[in-house]
Each structure stands twice: as C-alpha cells, then as structure tokens.
Amino acid sequence: MKISKEYILKNSRRWAVYGVRLGLASSLAIYTAHIIGLQFETQAGVICIFSMLTTSKDTLRLSSSRLISFIITAISAFFLFQYVNEFIAYGIFIFITIYFSEMMGWGAALSANVVAGTHFLSVSEFTPAVIVNEFFIVLTGMGFALIFNLFRDTYSMKDQLDTEILVIQSKMQTTLTGIADYIELGIEKGRIWEEIHSLEERLEHCIRISTEFQGNRFTRDSDYYFEYFEMRRDQCQILANLQRELQQIRMVPAQAAIIVEYILYMSLYVTELNAPSRQLEHLQTIFNRMKEEPLPETREEFENRAILYHVLMDLEDFLLIKQHYLENQKENIPKV
C-alpha cells in the first residue's frame, strides 16, 4: 500500500490514541502484577498487548479461549514438571500445548501458554503456587485488555463512516455522468476510468474502517457500514468493467442516446437508502424499446448495439446489487 501524506494525516490521531491506550493498559497491568507481588510481572503487560491487538469482540473470544487453554496446559504442566526431567517435560508440555491449541482453534492463545511453560521451567521448585502465579498474570493482562478495549472511540469512527457514505455517493454520481459523457462524446471527462480505480481504493479503506467499527460495537446495526461499503465496492467493480466493453465500440449507434439519458437519470438516485425499484422499471421499458428498434443493417452496427445492450445489463446488475442489499438491511439501518 502506498503511504501518502494524506494517509498519514488522516490516520495519525487514531494511531496516537491506539498507542496511548496500549501503553497505558500494558503499564497498569505490569504495575498491578507488581503490587500483587506476582513473579514474572512483566508478562502481564505482554499478555495485555497481545490481547489488545484485536477488537473488543475478538478480545472477549480470545480471553475465554486463553483461560480455558491455560487450565488444560497448567494441568499437564503440574504432572510433567513434577515427575519428568524438566527439559523433557518442557518439550512434552510444548507438544501438548500446541496440539490442543490447533485442535481447538486457540492459536491466538498459544503465545501466553508457551511463555508460561518457560516460567515453569525456570523455577527451582514447581508447586501449585507457581500455577496460581501464572494464572493471575494471565488474568491481570487480559483484565486490563478487556477494560481498555471498551474505551474505543467508535463515535468518531461512526461520524467518519457517515461522512464517507456521502463522499462515496457523490463520487459515484460523478462517475456515472462521466460514463455517460464517454458514451455520448467518446471522451474521458476527468479521466473517468482512473477515478473509478481511485474510488475502489477508497472503498477498500472504508471497508477496513467499518470492519474495525463492526468488531468494537455490540449493537445490532454494527454490520451496517461494512455491508454498505461492500455493496458500493461491488457496484464500483461493475462500473470498472464497463471500460472494456465501451472501448470496443467503433461507431456510436443512435440508440446510445437512450442509454446516456438513462444513466444521467439513474445517477440522481445513487443515494444511501433509495430503493431502485422505479429505476429498474424504467430500465425494463428501455429493454422493450430496444427490442422494437429496426434490426441493424451492418455487422459493425450489430456488434455496437450488442455492446450497448450488454451495458444495459450491467446497469441492471448495478441496481440489483443495491436492491438486494436494502432487502437484507431492514433491521440494521442505524437509527438517527
């Protein structure tokens, strides 16, 4: 990914807040472990950082799997380190830890358990108190990760996503009018195909933000933004595919004027919640009109009209993507 000045300025505040949260939570975890009097206190800060690299929802899932996997590995360690040579015991311990982590899908919890194993190996006498010590280290690190993961600025993320919806909507309207100009005049007004590529990149960025937003909200509408920008990305890909089709037209047929008029009409309704039922009805009327047109007289005219007909089919897919999206989003549309 190309790192531009605009990208740095846009994300610097988010990075700074994230760094402060991570540093503060990790420091407090270590300090708390120190106050309690735990051995290997710094490990609490490391576990905190590992847990906070995920979203709030993922942190809850990771914490539960980390606790359960710790119990399994601690039980195995208790018997191994007491009755088997410590170095052989450590190797068997790692085998059991990895085996159960892979089997249960607890790969993210593996690191803390492996480090716990090195602690078990380093103590002079392995007792139940050693396991209790490690349990409280894990509990302290995860506790601060859970607490600080709740303090995410999802409201500013929501504002940013709401703003992006309006920006994307405006850019898609501009893109459609640019395609209409290209069909009518054969010119790339404002380098329309490059703008579509830029729009696709912007949508990918919005999807990443909405994924983070989705993972840190527990409300029913948290999926809305992710699915909205995915819908726009699918629409944008259809518009990008038009370039290959339109560039094959060698002579613009008279029927192109109807399509240009329709695209300009359609661009007025590329809004967030507009259901495209009327646009689809209008499109069906155009399909019927084209069927009633006199047959083409030359092969070239036939090929060019076939391309335009295919463009109309792509525009139909463009609208159907929006229609299917709205049908699935009745429960998720955020309340103002």
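Biologist: Which helix is Glu164 found in?
Modeller: Keeping in mind that this is a predicted model, Glu164 is found in helix α7.
Biologist: Is Glu164 buried or exposed?
Modeller: Glu164 counts as buried because its relative accessible area is 6%, and buried means under 20%.
Biologist: And what does Glu164 touch, if we skip residues up to four places away in sequence?
Modeller: With those set aside, Glu164 touches Arg202, Cys206 and Phe229.
Biologist: Which residues have the most contacts inside the largest nonpolar core?
Modeller: They are Ile179, Ile183 and Phe229, in a core that has 51 residues. The elements that give two or more residues to this core include α7 (154-185), α8 (192-215) and α9 (224-246), and α9 gives the most, with eleven residues.
Biologist: What is Ile179 in contact with, leaving aside its neighbours within four places in sequence?
Modeller: Ile179 is then in contact with Ile192, Trp193, Ile196, Leu239, Leu242, Leu246 and Ile263.
Biologist: How many residues are in the second core?
Modeller: That separate core has 31 residues, and Ala33, Ala116, Phe126 and Phe148 are among them.
Biologist: Changing topic, which residues form a nonpolar patch on the surface?
Modeller: The patch is formed by Ile71, Ile75, Phe79 and Tyr83, which together have about 470 Å² of accessible area. One of these residues, Phe79, lies in helix α3, which covers residues 56-83.

Notes: Residues are numbered from 1 along each chain as its sequence is written. This is a predicted model: local features need pLDDT of at least 70, side-chain atom pairs count only at pLDDT 80 or more; totals for chains, interfaces and linings use all residues. Side-chain values use heavy atoms; hydrogens and water are left out. A nonpolar core is a set of buried Ala, Val, Leu, Ile, Met, Phe, Trp, Tyr and Cys residues joined through side-chain atoms within 4.5 Å. Buried means under 20% relative accessible area, exposed over 50%, partly exposed in between (1.4 Å probe, protein chains only). Helices (H or I, at least four residues) and strands (E, at least two) are DSSP runs, numbered from the N terminus. Contact means heavy atoms within 4.5 Å. Patches are made of residues with over 30% relative accessible area and no salt bridge: like charges are joined within 9 Å, nonpolar side chains (Val, Leu, Ile, Met, Phe, Trp, Tyr) within 5 Å. Accessible areas come from the Shrake-Rupley method with a 1.4 Å probe; for residues, only the protein chains shown count as cover. A salt bridge is a side-chain nitrogen of Lys or Arg within 4 Å of a carboxyl oxygen of Asp or Glu.
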